[in-house]
Amino acid sequence: MVSLFGILNIGSQGISASQASLDTTANNIANANTEGYSRQRTVQQTLDTLVTANGVFGQGVNVVTVERIRNRLLEAQVREALGDTNFNQQMGTVLAQLESIFSDPLHSVSSTTETLYAGGLNDLISSFFRAFQDLSTTPDSPELRIAAIESAQALAESIVSKSQQLITLRMDLNQQIGTQVQTINQALQEIAGLNGAIRSVEAGGNRNANELRDRRDLLLRQISELVPVQVVEGAEGMVRVSIAGQWIVDHTSANPLVVETSRNEDGIDLVGIRIGGQGLHLIDNEVRKGKLGAILEARDRLLPALSEELDVLARGVIFEVNRLHSASSGLVGYSAIRSSLDVPSRALDSNSTMTLNRVFNEPAPGSRSASGSRPYPIQDGEFTIRVTDSVDQKQDTYAVVVNTDDTLAALVSRIDRADGIVSKAQSAFAFDPVFAQSVQSRMGVKNTERSDTLASLSLAAGTALAVMPGDYSFEIHIRDAAGSRVDADPASPENDPFVVQINSGMTLDELANQIQAGSGGRLRADWVSSSSDPSTTWLKIQTVNKNETFSIQNDNSGLIAALAFPLTDPTVPLVGGTATSAQFTFSGAPGDSFLGSGHPAFSPAFPGPPPCVIQTGSFELVVLDENLVPTSATITISTSEIDSLTELRDAIQAADPHLSVTITEDRQFQITAADGRSFFFQNDTTGLIQAMGFSDIQGYGRLGDQVFQDGSFEIVVANAAGLVTHILEVPVSADPSHAESMLTLNRLVEQINRSAENAGAPVRASLAADPQDPNRWRLQVEALGGSEFTFRSDDSLILSALGFAPGPVLNGTGDNPILGAETVTKTGDTLGGLVRARIQDGQIEIATAGRYQIMFTGDTSHFLAAAGINTLFTGTSAKTMAVNNHLLENYNLLAVSSDGSRGNNDTALAIADLENRHVLNGKTIGEHYRGLVTALGGEGNQVSQRMKSSGEMLRQLEALQEQESGVSLDEESIDIIRFQQAFQASAKIIATVDELMNVIINRLGS
């Protein structure tokens, strides 16, 4: 049985327990409106019972701790709902701003220029097309022209304004990211600190850091409003917090978010979010809940998508309108006009291999290409340049072909030479390299012949080296890195070439050594094995010093030609002439075999210069008609086909009915052409043509099928103003009977330069490397000091053969570099219709001279629109769209005539008709914009629905949480009464025990 002192202790404990409960209840009431506060309660526990002989008695109560009422699962659900709700609220805020930017009545009401700004962008689009419809009725009207330009300006300014507002909003959201991250990091630091404090407070095991836990939960809720987090509570009451699997709070350590700025492909600095620590982990794409997630979603998806749609709209209007406008003419033209494109620097070089297709249609990802980062497309086609006299409207028209496989420099050059007057031109015909760094023979030598003499080589058969054994030589001309000739003998006043002496008795290795020695050690010669045929070796010659080049010329042995080196000797005649009749005397019978067993010498039967051995092969017989149009027949010499003069006669007569071949009784072989025909031979591999003495009838042998003859051509030189300053005549010799005057590359260069020097004309000719293939060469003519020139009056046909003048083109591209000026022009005259083009400061400039003006029509390639030439709009996006300043300054430049004639309204009608054409992904321009606004409204409705749903879910969860963890004043009031009564009852127990103890003590004392 418990003693009175035990009962007294029980009463005291009851008072303490009631007091603790009253204290907790009072704290609950005081914090009923404190954000994040969780209702608390005292946890009481009975003390161990006292076991006596009289029974088991309780010993009172003990207050174990004060605990919070908090449901962890419910708390996690609330945090998730907070993220969803705040995401939708933030998206709703952004969409409200966007709806303000794009607010637009979706109808077409504007019909006059006075109401251009009244109905939003939708009406501006309609007004723009209506203005051109009105202009088509009177295309020369100044008022309607001004109205059309103003409508275009209003449309462009509205699109630019909306684009700029989108950029401003995006930058504002971008700036908010840093602010939100700073808020999150402050909370993370405080949570890490609270973890440590909670661990310290609760270290005793029976104490709860309720207020600290409430503060930590409140911070976690605040973070959840911004980003989705996962929370795990571990030992000692500390929590770990993660985002996308990465810890941002690990017990008492915070791993803050890191803000990094990087520039995107549009040149905009954007903020990215990473988690600090080793191996920074980008989380932008993984944070798509909470307010911060909505900011990222709007900045990175919604706004770029809207900007892209607005860009599509702007680009569609710009390109479709410019495509029509740039291919048309206004009432006046330009004296000079520049493109508005941004050309890649790599495409500007005249040696660039970057094609128009690469520049406009297939630019490298992320590159800054023509017309900005997203060029307008072009296609193969052509456009017409019209040069008009501003006084009397006389016109010269020039068609310019656009080939997407061409380079920009090539197209600009073609525009420049459209009028046939240029500052520099290269022949279309390209020669094998005249000077090269490294060359390998095209004919190989069998390994079994390595130790044989040069004269006995199979490939040397028929050459002078084999026919007449002895000493021969060839020249090696070397140029240094600067292109200057290297003098083999500085002591001599002349610029001497290196001379290689060879002998028919040399071996191949000795030949290689002699080349190296004869070049003064500047060349290396090696016999290299063929990768495809190990039994064959090839002679490879290359310069020792880097960037030096060499040319092999004047070979009198025939060996260099036999080895088939791809080198054009500029001293070799280009032409041998033609004939109307030819004959030679033979000995023996006309039926004797050319070939026979053992290849008998041919010269005893047919006296002539070496080679005198006939071998199997072929040659071509070319017959020219009265218009010098050639036809060719190949005649093959072999034992199975033609093997005698009789058979040769029959073959030549069968080749062309206008040729008569007779064999006389006194052994004369005669060929006669009738009906204005002439003939020549070429490409003989048999030795028969030389043996018959017909080697001087070789017509045109190295420039393809083009024939040229004795004659001359003129070069007309004009200054920058188009004034003719010089006319020089260049003679051309094609007579094979005079070897000293036969045309060679070097002689043609010398003839042009000599004629220019005699006339005092600023013209220079040279052999220049082909820009597209540095291993090939072209004949180049250029005017100096800003002058220009053109060719005319070519009765030699050499310009046509080289690909300069009108006529068949030798390189197969269909491009005639120089059209030629056939009009009568004398010194002092002014050339009209000049077209000049160049690349200047990264842009294409097209100009004319004097009082003339440039106009354009009929561009089927869309190059003018893509390049920004003669356009109504400039720019390539909604941000850069504007009206061409030229039109703002002169409304007469507005182009509405498709053929250049005044009063033509075709282009005005075509632009007006764009309103009804489905030019943007199957939609009209108006439909595209209305679709953009409709889609924006649809997204706003979806966000509004999600906001209602997530908000309702959050309210339900918070209501449940409030029921469980919130403070109810009614319940707390009841608890006050209950704990008060318990306190009073415990006090009564103490008072009663006190009275009993007083009775016992006083009475026992008496």
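A network of salt bridges links R68, R70, E75, R79, D214 and D217. The model described here is predicted, and the structure holds 36 salt bridges.

**Salt bridges**

- K289 and E80 form a salt bridge in which the closest N and O atoms are 3.4 Å apart. K289 lies in the loop between β11 (281-282) and α6 (290-325), whereas E80 belongs to helix α2 (residues 72-101), so the pair ties together parts that are 209 residues apart in sequence.
- Both partners of this pair are partly exposed: K289 has a relative accessible area of 29%, and E80 has one of 45%.
- D526 forms a salt bridge with R524, with 3.5 Å between the closest N and O atoms. D526 is partly exposed at 28% relative accessibility, and R524 is partly exposed at 36%.
- The side chains of R836 and E788 meet in a salt bridge with an N to O distance of 2.7 Å. Because R836 lies in strand β36 (residues 836-840) and E788 in strand β35, this pair ties together parts that are 48 residues apart in sequence.
- R836 and E788 are both buried, which means that each has under 20% relative accessible area.

**The β14-β13-β38 sheet**

- Three strands, in the order β14-β13-β38, make up an open sheet with antiparallel pairing. The edge strands are β14 (395-402) and β38 (852-857); each has a single partner strand, so one side of each is left without a neighbour in the sheet.
- On average, neighbouring strands of this sheet are turned by 25° against each other, direction ignored.
- Eight bridges connect strand β13 (residues 381-389) with β14 in the antiparallel sense. Within this pairing, G381 stands opposite V402 in β14.
- Helix α9 (residues 408-416) packs on the sheet and touches β13 and β14. The direction of α9 makes about 160° with that of β14.

**Pairing around strand β34**

- Strand β33 (residues 763-770) runs antiparallel to β34, and eight bridges join the two. They form a hairpin with two residues between them.
- A769 has W777 in β34 as its bridge partner.
- Strand β34 (residues 773-783) is also joined to strand β15 (residues 424-426), by three bridges and in the antiparallel sense. In this pairing, V781 of β34 is the bridge partner of A425.

**Nonpolar surface patch**

- I29, L969 and I976 make a nonpolar surface patch of about 210 Å².
- I29 is located in helix α1 (residues 4-30) and is partly exposed, with a relative accessible area of 31%.

- N547 is not a glycine, yet it has a positive phi of about 75°. N547 is found in the loop between β21 (536-543) and β22 (549-553), where it is partly exposed with a relative accessible area of 42%.
- L797, likewise a residue other than glycine, has a positive phi near 70°. L797 is placed in the loop between β35 (788-792) and α16 (798-802), and its relative accessible area of 27% makes it partly exposed.

How values were computed:
Residues are numbered from 1 along each chain as its sequence is written. This is a predicted model: local features need pLDDT of at least 70, side-chain atom pairs count only at pLDDT 80 or more; totals for chains, interfaces and linings use all residues. Side-chain values use heavy atoms; hydrogens and water are left out. Patches are made of residues with over 30% relative accessible area and no salt bridge: like charges are joined within 9 Å, nonpolar side chains (Val, Leu, Ile, Met, Phe, Trp, Tyr) within 5 Å. Accessible areas come from the Shrake-Rupley method with a 1.4 Å probe; for residues, only the protein chains shown count as cover. A salt bridge is a side-chain nitrogen of Lys or Arg within 4 Å of a carboxyl oxygen of Asp or Glu. Helices (H or I, at least four residues) and strands (E, at least two) are DSSP runs, numbered from the N terminus. Buried means under 20% relative accessible area, exposed over 50%, partly exposed in between (1.4 Å probe, protein chains only). Two strands pair if DSSP finds at least two bridges between them. Axes are lines fitted to C-alpha atoms, for helices over the stretch in contact, and angles run from 0 to 180 degrees between N-to-C directions. Contact means heavy atoms within 4.5 Å.
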